[in-house]
Structures are given as structure tokens and as C-alpha cells.
Amino acid sequence: MSIMEDLRREEEKLLRTERLPHVWCPGCGIGIVLNAFLRSVLRRNMDPNKLVVVSGIGCTGRAAGYVNVDSFHTTHGRAIPFAVGIKFARPDLNVVVFSGDGDLFAIGGNHFINAARRNHDLLIIAVNNFTYGMTGGQHGPTTPTGAYTTTTPYGNPDRPFNIPHLAISLGAPYVARWTTYHVNQLQNSIHKALGMKGFRVIEIISQCPTVYGRRNYMRSPLSMMEYFQKNSIVKNDATFEEMELTYNGKIVVGEFRSVEDIPTYEERYEDIIRRAQNEGGD
Amino acid sequence: MTENKKFKRRATVRVLEERCKGCWYCVNYCPTKVLVVSEKLNSKGYHPPEFAENIEENKVCIACHLCELYCPDFAIVVEELK
Amino acid sequence: MTEKHLKEGYYFWSGDVAAAEGAIAAGCRFYAGYPITPSSEIAEQMALRLPQVGGRFIEMEDEIGSIAAIIGASWTGERAMTATAGPGISLMNENIGLAVMTEVPIVVVNAMRGAPSTGLPTLIGQGDLMQARYGSHGSYEIISLYPNSIQETFDLMFDAFNLAEKYRVPVIYLLDGLLAHMYERVYVPPREEWEKRIVRRKRARKGQLPYEPDEDLVPPMPLIGEGFRIHATGLTHDERGYPNLTPQAQEKLIRRLNEKILRHEREIWKVEEFMTEDADVIVVSFGGESRAVKAAVKKARKEGIKAGMLRLITIWPFPWEYIRKYSADFIVAELNYGQIYHKVREYAETKVHKLNKMGGEIHTPDEVLKRIREVSGK
């Protein structure tokens, strides 16, 4: 049996197959990201019993419900602090936050910022579909300026987050961005990040044909994929301006930061425990 | 894909039809075009893809596994020939 | 490295310090919190003491992050706690609902201050009693305890953790601005003795579904990292933990979440009955306020008025049988516009009177005495 066949067979065991088909719409990119994630886990030979997946609320928030590992579908925006609690209490576990752009950067933005600053040992898989899909396609913190959504009927006046730049500014040791078109690069990126430590952020630009694409000149799943295909540029040393996303404009992807050996919060706290127990009398 | 290059048959594609939602990424991204939209409907009302190998037309599965990687619904299994 | 545990002896502690030490003695090894008056000293004590016993303390970015972190930590098997006050508990309420729905044992200390809003940060209030019970959305039961001395603040922490673990439910541990900052002497027994008070949570058996309840309606809790492949969701779920968005699943789950507490309410209830046996007037009271009430009851007795005090230590589930059993008139003394008053009225077959102050200070014994005289007609 070839490696790829083996991966596919093992992947079924990491899925709660009795719950398939999943809730995501035809052509939704979240399934592609989940597929890449599970393959990366298998390629790393990680013990599934030591892997924890935490999601927030929204379309991507449902990902936790399909992975056959310890998995938690928490409250809106709180996947990161929930994961912090697990990781800090049990540093031997591999904890992955798998959630969407609205969940992680709007309602959960403060947690993202502070968890990155403290450098918790978490992998953040941030699926960015430019919109609040579950609630019907309202604009969110990543909706490009000018885009049409149900709450921006005249075009979006907001400016979107520059997520990789935000993560880099907070000192995150691994920061990358791909689209769902880049299935191999994405899988390799997750695979690499799983082998690193600290607050690792991978943003995946994903398609929401149902509520975003159809209001923004991309009516079918394939037309959204085509947009990613034609407009993506790989540039690992991209500048702030290049990382910014514009309405139906270029998407700069790549591995923007990859740094080893920054101590994690969990590691620094081991030192705190040592000092508390060694210092002074009793 | 050059006109005259003959591809070697390396695999078949099995479709888990009930998981399919008909996005056609697999049909679109298959480099040798061995998948087609079928006439069948699954219980959710989608037309799953069908493995339609045609050796004469040089449509054979080369086991690139791209359909598997692009399928958002875990509905495709590429089975390599022994 | 050696763990540093409390030694037997007498300590002079504030309520906040006693709450922290009580929690650590009761096995708490994980604390996530955000500073807020008058609970901040709990966080300070935890930051100092938890690493000394191999535990972990983290100061989060806000109260929402704090409670999310302790829910996550509790799934690893740790006894986890946070502490806050009014504005913080308001922020935590959504995740208290998550802990109720996913049945995660946690202890949340709320040192009540004058409220609403920022109110009186440093002064006592008792306005969060209904919020403790009804703060999150939906129909659910929760456990809430409320001590009235620094010794009891230490001791009652064992009950708080034990009940949370036994019933897989959040316990709201009420303190108030008076208790939090008041100092008293506390006796700490030897470690062997206090460790006997700890009741550990039921462990899940292999093959048992994660939300398959035992006879007592409580499902044993599987832990992360032990191969159970848990799935927990705040959505309505079935016994596998999988979302099941049907009226039937909702009916079954929500009934059980309520009944697992109500069926055991008599085991949970704790009250102090002081001179109530022959009383004509019973003052219902709790927390810091009850200290003045007790003094007033003693004074009334000296005047020949048959007064008594019923102090609720368990606030929720409401110990209604202790109201029902007396034929005396009731005065409900509380530092709010009338909250527990309504619960007492619900169960009393006699007259129920109010005695309210809006917070900032407790009633003086003479104020309580005056009301006892009015009600008793003497």
C-alpha cells in the first residue's frame, strides 16, 4: 500500500465518520483545510490520544465535531483561552485551535492578541472566509473593504485585519498564509508547524460560495477557487502592504515567519514552579 | 499535458457517494480527466462524480491524489493498482 | 524541589486569603483570573501559593478568558477555580452556561460588592444572589454557597469543590466585600486530616458514553488525554456528546441537568439554625450581613422576644424546606432591594417582611432589632 493510500485509510480513523456528511455547504473550503490538517497529523505520527482540537462558534467552529480526538466546541470567541487552560494544565498534550476569522479575530481578538503575546504553545488554524457564514453572510473583521455582504449592502466601509502582520507583531514564532487552492503547501505548512513550539498561526483563505461568493461576483465554488488560483502570489518575505488583502485583489501567501527556540509560557512557568519550591524557607 | 504522451494506469477512484455535495473540484482538478459528473443522485440530491476511465482517450488515473486533497467532503478514495 | 503545604495551626487571614488557602487545601491546582476589587487578593495568594504546591496560576486578559481557561483545565482532571466580583461575573456568565451544559466542575468565587455596574467596588453588596442562579441564559440549576466567617470561608471551600466534582456543575462561591477584606483567626487542621475531606470526581469507565449518566443522573467524567476521544459541545447533545438539535434531545438533556441537582438538594443544603426552634420571628440572612443579625437576635431574646436566625449557607438550590417547616413570621435581611425575600415568600405559609439596605454597609444590630420589634409587635 502506498503512503498516500495509507494516509487516506488512517484519516478515516481520525474522523467521526458516523457524523458525515458534515454541515458545511457544497464547495466550502473548511473541509479542505480539515483534510490537510488530519493528513499533517498523520504524517507527524502524533498520538491521537494526546491531541486536542478546540473550536469556537461558527462554520469553522464545527470542525471540532468531526475530529475523532478529544475535541471541544466552546463558546463564541473563547476557543483560545479554553485551549490555554488545557495546555497550561497538561503541557504534554498537543493542543490545536481550529476556528474561523470572526471567532478568532473579532469576538475573540483580545484572546488572540494576549495568548500570542504570552507565547502559549498552541497551533492556531485560522480559516478566513471573509464573512460570518453561519449567521448568513454578514461582514466580519476580515471582510475586504468594498465587499458586499448582508450588512454591507453598499459595500464594506471597514478595513480588514492583516492577520499575518498582526501575528508577527505579537512575536508569534510561526506565521503562514495559504489558500485552499494550495493544498500541498498548506499541508506541508501545518506539518512543519506541528513540529514546532509556541504560538503558531496559519491563516487559510477559504471560499464561502454560499453567502460570500455569490454577492461578490463568484457564484460557484469553482469560481472562488479560480480567484485564489489566479491571484495568489507566493512571497515569504512579504511586507506589511503586500500582506494586506484587498477586494478581489492579489493574495500574497507564504511562510512569513519561522523562528525556533522562543520559550513558551508553559516552559517559563516550569521555572516559576521550581523557584517557588526552592526559594526561601517555608 | 502533451497530446501524444501515453499515461500509465496507476489507480482507480472510489467515490463515497453519500458524502458528496457536488462541488466538482475533483472533476475540475483531475489532470487526466478521469472523473465526470454522474447521472446518479445521492440521498441529499447531489450528483456524485463517477470514475470514467478511457484508455483510448488517454483518460487514466495517474494516482496524483489531487481529487482526494481537494475534496472538502472526505468523499474520495484513490486506490492504487497493485 | 519540595512542595510547600500549609502546616497545622492558627492563621490570621482575610476572607480572600482564606478562600485561596481553602481552595488549595481542597485540592485546587489551577487558577485563571483577572484582578477585580474586592477579590484581587485571592489571585495574589494563588500566584504566590499555587506553584509552591505544583499548581498553576495564570493571569488572563479578562474574565471571559479566565473562565474559559478553567473550564478547559477542568477537562484535564484538575480542580480549577477563578475569582471575581460583579462586573467580572457578568462577563463570565455565558461560559458558566457552557460549564452547565457540558457538565464541567469549576468553582467561581464572586466577592459581591455594591452594584449594579461599577457600583461600590470596595464595599459590601448582596445584589448578585439571583444572578448566581439565573445569570446565564436558559433553564438550569446550579449550586451556590455563601460563608459568613473567615474560618467558614476556608472550610466551605471543601464543600464547594466536592459538590462541583460530585455533580459536575459549576459552584458559585459567594463572598462579599466585608468577608473578602475582613481578618479573623482561622484554624487549619493537619494536612492528613484536611485531605480526608476531599471527594474526588467519579472516573469514566471505558465503553461508557461520555454523557451516559449513572443512577444519580451524573455521568462520570472522561478526561482529556486518556483515549476517550471526548467530544463536548455547548449545543444540545446526546449521550455521545454529539450535537442533536431536536426537541426530544433538548427535553431529555435539560431535564436531567436540572434534576441531577434537585434530586440531591437535601444532601447539598447547609443552613445554620440559631434559636429558631421556639421562635415567633425568624430573620433569614446570609454572608456578612448575618453577623449583625445574630447579635440582634441575642438582644431580642434578652428583651423577651422569641427571635431566631436562619442563616442560609447554601443559597442555591434554595433550601425551601427550612422555610416551610417554621410557623414563625419571617424577616429577610439582605443588602439589596429584595431578592431572597421573594424565594422565602414562595415557600412561607406565614408573613414575610423585608429588611433591606442597598449595600455599602451591613445593617447595625439595632436596625435589625428595631425590625424584629416591629414584626413581633413588642
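**Entry 1: a start at one residue**

Is A:Asp261 buried or exposed? I looked it up and found that A:Asp261 is exposed, with 8 other C-beta atoms within 10 Å. The rule I used calls a residue buried if 20 or more other C-beta atoms lie within 10 Å of its own, exposed if 12 or fewer, and partly exposed in between, with C-beta atoms placed from the backbone. A:Asp261 sits in the loop between β10 (251–258) and α10 of chain A, and its phi is near 70 degrees, a positive value in a residue other than glycine.

I note for myself that this is a predicted model, in which local features need pLDDT of at least 70 and side-chain atom pairs count only at pLDDT 80 or more, while totals for chains, interfaces and linings use all residues. Residues are numbered from 1 along each chain as its sequence is written, and chains are lettered from A and ligands numbered from 1 in the order in which they are written.

I then turned to A:Asn119, which is not a glycine but has a positive phi of about 55 degrees. A:Asn119 lies in the loop between α5 and β4 (123–128) of chain A, and it is buried, with 22 other C-beta atoms within 10 Å. For element names I kept to DSSP runs numbered from the N terminus, where helices are H or I of at least four residues and strands are E of at least two.

The peptide bond from A:Leu20 to A:Pro21 is cis, with omega near 0 degrees, and A:Pro21 is found in the loop between α1 (3–13) and α2 (30–43) of chain A. In chain C, the bond from C:Thr37 to C:Pro38 is also cis, with omega near 0 degrees, and C:Pro38 belongs to the loop between β2 (28–33) and α2 (40–49) of chain C.

**Entry 2: where the chains meet**

Which chains have the most contacts among the two pairs that touch? They are chains A and C, where two residues are in contact if their C-beta atoms, placed from the backbone, lie within 7 Å. I found 35 residues of chain A in contact with 40 residues of chain C. On the side of chain A that touches chain C, the elements giving two or more residues are β2 (70–73), α3 (79–89), α5 (109–118) and α10 (265–278) of chain A, and the largest share, eight residues, comes from α3(A). That side divides into 15 nonpolar, 13 polar and seven charged residues, with Ala, Val, Leu, Ile, Met, Phe, Trp, Tyr, Cys and Pro counted as nonpolar, Asp, Glu, Lys and Arg as charged, and the others, Gly among them, as polar.

β2(A) also pairs with strand β10 (residues 231–233) of chain C, in the parallel sense over three bridges, and two strands pair if DSSP finds at least two bridges between them. Within this pairing, A:Ser71 stands opposite C:His231 in β10(C). Chains B and C do not touch, and their nearest C-alpha atoms are 19 Å apart.

**Entry 3: inside chain C**

The domain assignment, which is automatic or from a database, gives chain C a domain 1 (9–195) and a domain 2 (272–376).

β11(C) pairs with strand β13 (residues 307–312) of chain C in the antiparallel sense over four bridges, and the bridge partner of C:Glu273 in β13(C) is C:Leu310.

**Entry 4: chain B**

Chain B has two helices and four strands, and from the N terminus on its elements run β-α-β-β-α-β. Its radius of gyration is 13 Å, close to the 12 Å that the globule rule gives for 82 residues, so chain B is as compact as a globular protein of that length. The radius is taken over C-alpha atoms, and the globule rule is 2.2 Å times the number of residues to the power 0.38. Buried residues make up 39% of the 82 residues in chain B.
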